[in-house]
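Please read the following report alongside the sequence and the three-dimensional view. It takes up the contacts between chains before turning to the elements within them.

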Amino acid sequence: MIEAVGLTKRYGRTVAVDDLTFTVRPGVVTGFLGPNGAGKSTTMRMVLGLDRPDTGFVLIEGKRFGELRRPLRVVGGLLDAKWVHPHRTARNHLRWLARAADLPRTRVDEVLDLVGLAKAARSPAGDFSLGMSQRLGIAGALLGDPRVLLFDEPVNGLDPQGIAWVRKLMRTMADNGRTVLVSSHLLAEMAQTADELIVIGRGRLIAQCPTAQFISEATESSVRVRTAQVERLQTALVHKGATVRHEPGALVVVGLDAAEIGEVAAAHGVVLHELSPRRGSLEEAYLRHTEDAVAHHAG
Amino acid sequence: MTLLAVERIKLFSTRAPVWCIATALVLTIGVTAGLTMLDHAGEGPTPSSTQTMYILGLTVIMVMATLSVTTEYRFGTMRATFQAVSSRSRALLAKATVLAIVAGLVGEVSSFGSWGVAKLIAHSPDTDIHTAAEWRQIAGMGLVYAIAAVLAVAVGALLRQSAAAVAILLVFPLLVEQLVEIIPRVGDRLHDWMPFVAASQFASTADRGLPYGPWGGLAYFAAIAAALLVAALAVVEKRDA
Amino acid sequence: MIEAIGLTKRYGRTVAVRDLSFTVRPGRVTGFLGPNGAGKSTTMRMILGLDRPTEGRVLIDGRPYHELRHPMRTVGALLDAKWVHPNRSARNHLRWLARASQLPRARVDEVLAQVGLTTVADKRAGTFSLGMSQRLGIAAALLGDPQVLLFDEPVNGLDPEGILWIRRIMQGLAAEGRTVLVSSHLLSEMAQTAEDLIVIGRGQLISQGTVDAFVNGATETTVLVRSPQAERLVEVLTQWGMSVRITDDDALVISGGSSDQIGEMAATHGVVLHELSPQQGSLEEAFMRLTGHAVEYQSDEVTVS
């Protein structure tokens, strides 16, 4: 569990994070969204004790970062895959981290296997592609088998297999009761991964809620219906108060859910060929929510 | 102990420190050997005169020590360290300790090495160690190196930039401390209280008319290093990583 | 139009690209997909004349790159947005590029306006955010008004607004009749942007065609059904040889029949439907199925102690 309370961070006269309060629950993947410059990275750095908040504080599993005796065993973070000495091998990088957390050396080989870097373990990290660096960063985060995980743009540079792997990893971690906070700009990816969302803009909280709720609040839900008896169904639906639009070969119904439309169709003896609920996309919902909060609007 | 092991692994899992140590030793001992050979005609070297090149190795070791901090900032591993160790002070103290130990050992190897190689070349009884001052000078060299390493770590932590830290550590002892003497009236007095001048009082046996003795000089040098380290700890604790 | 004919590139003993032939058609966005190490970057570099093919050739609008008199007027590319001198202003960066291709200075202001950088045109490029750099890179690619455009991972590092902007500009350029080839690892993004796909693995062509054909060819289409009379419906459908799987939240996933057929059967047997959604496979599923054997860094299954 991560609890941020009244977090504020100023750099000179710019307020990067402004009185931000949120909770990241265990057992679910929480997506952390916001435009560039919204303060996501600053917030994550404050969670990990790297940046000092001007006011407010963050608790990880009920404690401040500075009170954690072996932080890596409580919270693992991947903020920047390039935070590795380029001349040090992947294995040595993990070795000193393991030592800092009083972990056995065998744990290093375990996580190297887990992220698929066993073969590259003795190469200098500077020779790694971005995708491999990302895997090394994930290995570092997983090393202490922590209850809380933070990932900043974890799929950056990964290929489709790697992306699918990270998604599954986060899912598994959350299903095991861990707290997983992941920031990303890839909304289609987040829609598949995140159960809950924390959305910020200009350093302030815009929304914290389940992903499904975030989407349904900001976008229109409709149902796509195909049938040979268009007019009969349309009349019945309009009578029930629905709005019906036409698409090539189909009707788009707003105002009744799929089950209600199915009942109406059955009651009027209408044969259905399709009855598909349609939700808006996370992208649509996000853009609507953050319209006012985008820091850099280009000309 | 854990943190010392962490810093030891970090230090020796890249090649640069090993090269620095080798360079420091080869430079100090090699130049001493060369000078001894060139000096064939004259009297044999005294134990004291075999130690004059210590500043070469010391400079290289200070560069190594300061880079061990600044490269961590440059490559972001300092942040990785702070994620792994919640007390930044303890992490930095561990680093300073490990570097002090390594530098101390290098100092001992280089001082006894320089003396030994000179003795081998000159075959002169003059080179034998007789006085307590000579023992202090040679066996105590490790202390000078160790303190200098702590000072360099502190400077690196304060500045975070490799170029700036290295420039200061090269320019200050080799140039600034000498140029201070030019300042009218106070120059001489100021020069006496320069940290590396104080250290050199300990690292030599000559009487240079300084207002303190060898141990006083070492204590003063250590006090400066400690002050810088305290400042570095305070800044690192407070500053965003 | 881009035509690759029998392209092969060897580096020492490694074959990066092997006998690769494909055509990128104008008027549509073509996605260029493949796992890491599949040879995508090498191929793009050969298209742009940066790497010489060991065998085979690439034609851009009928000619190899080195025969183009004004390459920038024929093909524009965004390979790395950071290839700009940080102390030069956006306008000056474009001005020297324009000069190199003998384009009028007015063209610089046109493309700056097109990518929305007019207000910051005189600021140093080094102060730009990644999104702004990306816009500048695209301005440079568009400068010569080329018919062929290449983008390599164009949304890397962009925020959602920037991603949407890039998607729209690529689709807009294709709609103007240009040839747009874009490589990316983000399959969900490609599914929204591209109409055609070229998929390679280990330097060889795996598939070329429309996104729909690629997905339908590699994945199974099923129908998701919800009904208060699910049991009755399952009986009927299995009698007709369809197979039914029941999900955790009591929906039926039916394969072996179309939604039209299922709807007809439900009506005939008086079963009320609450949902009847044809489920298409995702581009990711299709990609994984077709390139599964062509992966270099395959991670183990995730296991947590």
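## How the chains meet

Of the 2 pairs of chains in contact, it is chains A and C that share the most contacts, and it should be kept in mind throughout that the model is predicted. No contact joins chain B and chain C, and the closest C-alpha atoms of these chains lie 19 Å apart.

The contact of chain A with chain C takes 45 residues from chain A and 44 residues from chain C. On the side of chain A that touches chain C, two or more residues are given by each of α3 (105-114), α5 (160-175), α6 (187-193), α9 (258-267), β13 (272-278) and α10 (282-290) of chain A. Of these elements, α5(A) provides the largest share, 9 residues.

In the contact of chain B with chain A, 22 residues of chain B meet 28 residues of chain A. The elements of chain B that give two or more residues to this side are α1, α3 (54-75) and α4 (77-84), and the largest share, 6 residues, comes from α4(B).

## A span of chain A

For residues 2-227 of chain A, UniProt lists "domain: ABC transporter", in an unreviewed entry. In the model this span is 32% helix and 29% strand, and its end C-alpha atoms lie 50 Å apart.

## Two helices of chain B

Within chain B, helix α1 (residues 2-12) packs against helix α5 (residues 88-122), with the axes 8 Å apart and at an angle of about 60 degrees. The crossing in which α1(B) passes α5(B) is right-handed.

On the α1(B) side, the residues that meet α5(B) are Leu3(B), Leu4(B), Val6(B), Glu7(B), Arg8(B) and Leu11(B), while α5(B) brings Arg90(B), Ala91(B), Ala94(B), Lys95(B), Thr97(B), Val98(B) and Val102(B). The residues of this contact divide into 8 nonpolar, 1 polar and 4 charged.

## A sheet in chain C

Chain C holds an open sheet of 6 strands with mixed pairing, in the order β5-β6-β7-β3-β8-β9. The edge strands, each of which pairs on one side only, are β5 (75-78) and β9 (204-210) of chain C. On average, and with direction ignored, neighbouring strands of this sheet are turned by 15 degrees against each other.

Inside the sheet, strand β3 (residues 29-33) of chain C runs parallel to strand β8 (residues 196-201) of chain C, and 4 bridges join the two. Opposite Gly31(C) stands Leu197(C), a residue of β8(C).

Helices also lie against these strands. Helix α1 (residues 40-47) of chain C lies across β3, β6 (148-152), β7 (179-183) and β8 of chain C, and runs at about 150 degrees to β6(C). Helix α8 (residues 211-218) of chain C packs on the sheet as well, where it touches β8 and β9 of chain C, and its direction makes about 115 degrees with that of β9(C).

Definitions and conventions: Residues are numbered from 1 along each chain as its sequence is written. Chains are lettered from A and ligands numbered from 1 in the order in which they are written. This is a predicted model: local features need pLDDT of at least 70, side-chain atom pairs count only at pLDDT 80 or more; totals for chains, interfaces and linings use all residues. UniProt positions are given in the numbering used here, feature names are shortened, and annotations may be inferred rather than shown by experiment. Axes are lines fitted to C-alpha atoms, for helices over the stretch in contact, and angles run from 0 to 180 degrees between N-to-C directions. A crossing is left-handed if the near helix is turned anticlockwise from the far one by less than a right angle, and right-handed if clockwise. Two residues are in contact if their C-beta atoms, placed from the backbone, lie within 7 Å. Ala, Val, Leu, Ile, Met, Phe, Trp, Tyr, Cys and Pro count as nonpolar, Asp, Glu, Lys and Arg as charged, and the others, Gly among them, as polar. Two strands pair if DSSP finds at least two bridges between them.
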